[in-house]
Amino acid sequence: MEQTTPTRFVKQERLVEVSQLLNQGFELEPFLQKIADCICELTLSQAGSIFLYEEETGLLKFVAAPRSHKDSLKRIRVPLENSIAGRAYTQGQPVIVQNARLEPLVFREVDQVLDFETQSILAVPIIYGGHPLGAMEAINKFGSAHYNEEDVTILESLASYAAIAFFTTALLEEVQIAHQNLEELERMKSDFIAIASHELRTPLGLILGHATFLQETIQDKQVNNQLDVVVRNAERLKEIIEQMSNLNAPQIGKMRVRRSQVSISPLIQEVCKSFGKAARRKHITLTVEVSPSDLSVEADAEKITLALGNIIENALAFTNENGHIWVRAERVPGHVKVSVIDNGIGIPAKDVQRVFDRFFQVESHATRRHGGMGLGLSVAKVMVEMHGGQIWAESVEGKGSNFSFLLPAGAGIGIYSK
């Protein structure tokens with residue numbers, strides 16, 4: 001059958017088509033089949049094939065071939081040491097065989113399976129980033145013509161597109177696996193938090209109940225001092241369990257935002273008052289500045305109280321004795337902005353973006369001087385974002401930190417979901 005040699009314009013047009021497919025998104029198998037078709041058309045060959053190196057076998061497998069023989073060729077594996085495709089792959093160079101009848105490296109099993117005679121071959125490696133991925137072949141140039149440098153250039157161009165397709169597909173698969181692993185880890189973490197907080201509540205309730213009962217019935221001052229230690233630490237453990245539950249509840253769809261009109265000034269005053277004793281113990285001045293005094297938002301007061309309380313608690317933990325903490329609120333366009341500013345030890349620049357991560361602690365476990373599980377700021381972030389708000393931190397190590405959050409205007413009842 002007489003074949004018409006494609007013009008230079010047609011060749012460029014086909015290469016552009018393949019490039020556009022690559023840029024627009026593609027499915028690997030149809031894309032490689034398009035390349036195999038282009039091999040035949042642009043080099044005037046009877047067949048075109050694409051091979052990918054198979055790690056499990058150490059052989060080359062067909063991933064694209066003449067449409068009429070695809071199913072048969074999928075079962076065949078081509079050795080690296082006794083094939084033209086294998087030589088191109090291992091040497092990283094084009095291989096041309098003008099008279100295949102005299103070439104011992106031609107892998108004859110393919111001819112036998114397909115009842116086909118290989119007469120001439122042009123093979124090029126498929127390489128990405130200096131690493132061989134596979135090989136590409138054009139077989140039997142029509143009219144017994146010889147493969148030339150232009151044919152080599154065409155195949156090398158098509159091979160570069162195939163290399164990008166292989167690499168992109170492998171990368172996407174790795175990303176997908178990593179995402180699935182991450183989801184599984186998140187699920188396991190949520191399950192652990194839910195089970196741990198549930199199982200700890202009962203024995204902790206018994207400890208608190210009995211310790212409180214003993215405080216009320218025993219008059220011995222020394223014993224009561226010891227009981228105070230038990231109750232205080234049990235209450236602290238209760239707070240940690242509540243933080244774990246509050247952090248986990250939105251992820252499992254158990255938390256709602258019940259909005260009502262909330263006056264910011266009284267809320268801040270009340271939260272700061274609850275930390276008055278802790279501030280006085282460290283001789284820290286806790287100052288409230290609200291401007292204007294009638295600021296209000298549509299929000300869940302309990303959750304905003306929890307968020308603000310966790311931020312203030314964090315500021316108290318990382319502000320040295322005789323320090324100062326300012327709690328401010330102000331109106332900004334469409335929002336109310338609440339800030340907790342301290343002149344404490346600050347946060348290293350490399351850690352500022354991570355302070356809201358669950359269980360993250362700036363200090364190492366071996367050297368840390370401050371308590372907590374690294375959940376307070378994470379809970380605050382969840383509470384604020386449930387309202388459609390934003391929270392962020394700014395800090396200079398050695399000079400202090402500024403934690404701020406925005407609460408948008410809005411009404412109604414919201415449901416938080418991941």
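This is a predicted model: local features need pLDDT of at least 70, side-chain atom pairs count only at pLDDT 80 or more; totals for chains, interfaces and linings use all residues.
**View 1**
When neighbours within four places in sequence are left aside, S265 is in contact with V290, S293 and L295.

**View 1. The cis peptide bond between S291 and P292.**
S291 and P292 are joined by a cis peptide bond, with an omega of about -5°. P292 belongs to the loop that runs between strand 9 (285-291) and strand 10.

In soluble globular proteins, nonpolar side chains tend to be buried together. The largest nonpolar core of this model has 44 residues, and of these I268, L308, I312 and F405 touch the most other members. At least two residues of this core are supplied by each of helix 8 (264-274), strand 10 (296-299), helix 10 (301-317), strand 11 (324-332), strand 12 (335-342), helix 11 (376-386), strand 13 (390-396) and strand 14 (400-408). For I312, the contacts that remain once neighbours within four places in sequence are set aside are V271, C272, F275, V327 and V340. Another core, of 28 residues, lies apart from the largest one, and its members include Y147, L155, Y161 and A162.

**View 2. Helix 2 and the residue that follows it.**
Helix 2 has 16 residues, and the distance from its first C-alpha to its last is 22 Å, close to the 22 Å expected at 1.5 Å a residue. The buried residues of this helix are F31, L32, Q33, I35, A36, C38, I39, L42 and T43. After helix 2 comes L44, which lies in the loop between helix 2 and strand 1. The phi of L44 is near 50°, a positive value in a residue other than glycine. L44 counts as buried because its relative accessibility is 13%, again under the 20% limit.

Sorted by kind, the lining of the largest cavity holds four nonpolar residues, one polar residue and three charged residues.

**View 3. The second largest pocket and the elements around it.**
The second largest pocket holds about 580 Å³ of space. Its lining consists of 22 residues, and those that lie nearest the centre of the pocket are L52, Y53, F166, A170 and E173. Helix 2, strand 1 (45-54), strand 2, strand 6 (131-141) and helix 6 (149-217) each supply at least two residues of the lining of this pocket, with helix 6 giving the most, seven residues. Of the residues in the lining of the second largest pocket, 13 are nonpolar, one is polar and eight are charged.

**View 4. T169 in helix 6.**
T169 is found in helix 6, the element that gives the most residues to the lining of the second largest pocket. Because its relative accessible area is 18%, T169 is buried. Not counting residues up to four places away in sequence, T169 touches F26 and L28.

**View 5. P132 and N140 in strand 6.**
Strand 6 holds P132, and N140 also has its place in strand 6. P132 counts as partly exposed because its relative accessibility is 35%, a value between the 20% limit for buried residues and the 50% limit for exposed ones. P132 is in contact with Y89, I126 and I127, when neighbours within four places in sequence are left aside. P132 and G92 are 40 residues apart in sequence, while their C-alpha atoms are 7.1 Å apart in space. The phi of N140 is positive, about 60°, although N140 is not a glycine.

How values were computed:
Residues are numbered from 1 along each chain as its sequence is written. Side-chain values use heavy atoms; hydrogens and water are left out. Ala, Val, Leu, Ile, Met, Phe, Trp, Tyr, Cys and Pro count as nonpolar, Asp, Glu, Lys and Arg as charged, and the others, Gly among them, as polar. On a 1 Å grid over the protein atoms alone, a cavity is a set of points where a 1.4 Å probe fits but cannot get out, and a pocket is an open set with protein on both sides within 12 Å along at least five of seven lines; lining residues have an atom within 4 Å of a point. Grid points are joined across faces, edges and corners, and a volume is the space filled by probe spheres set on the points. Helices (H or I, at least four residues) and strands (E, at least two) are DSSP runs, numbered from the N terminus. The expected span of a helix is 1.5 Å times one less than its number of residues. Buried means under 20% relative accessible area, exposed over 50%, partly exposed in between (1.4 Å probe, protein chains only). A nonpolar core is a set of buried Ala, Val, Leu, Ile, Met, Phe, Trp, Tyr and Cys residues joined through side-chain atoms within 4.5 Å. Contact means heavy atoms within 4.5 Å.
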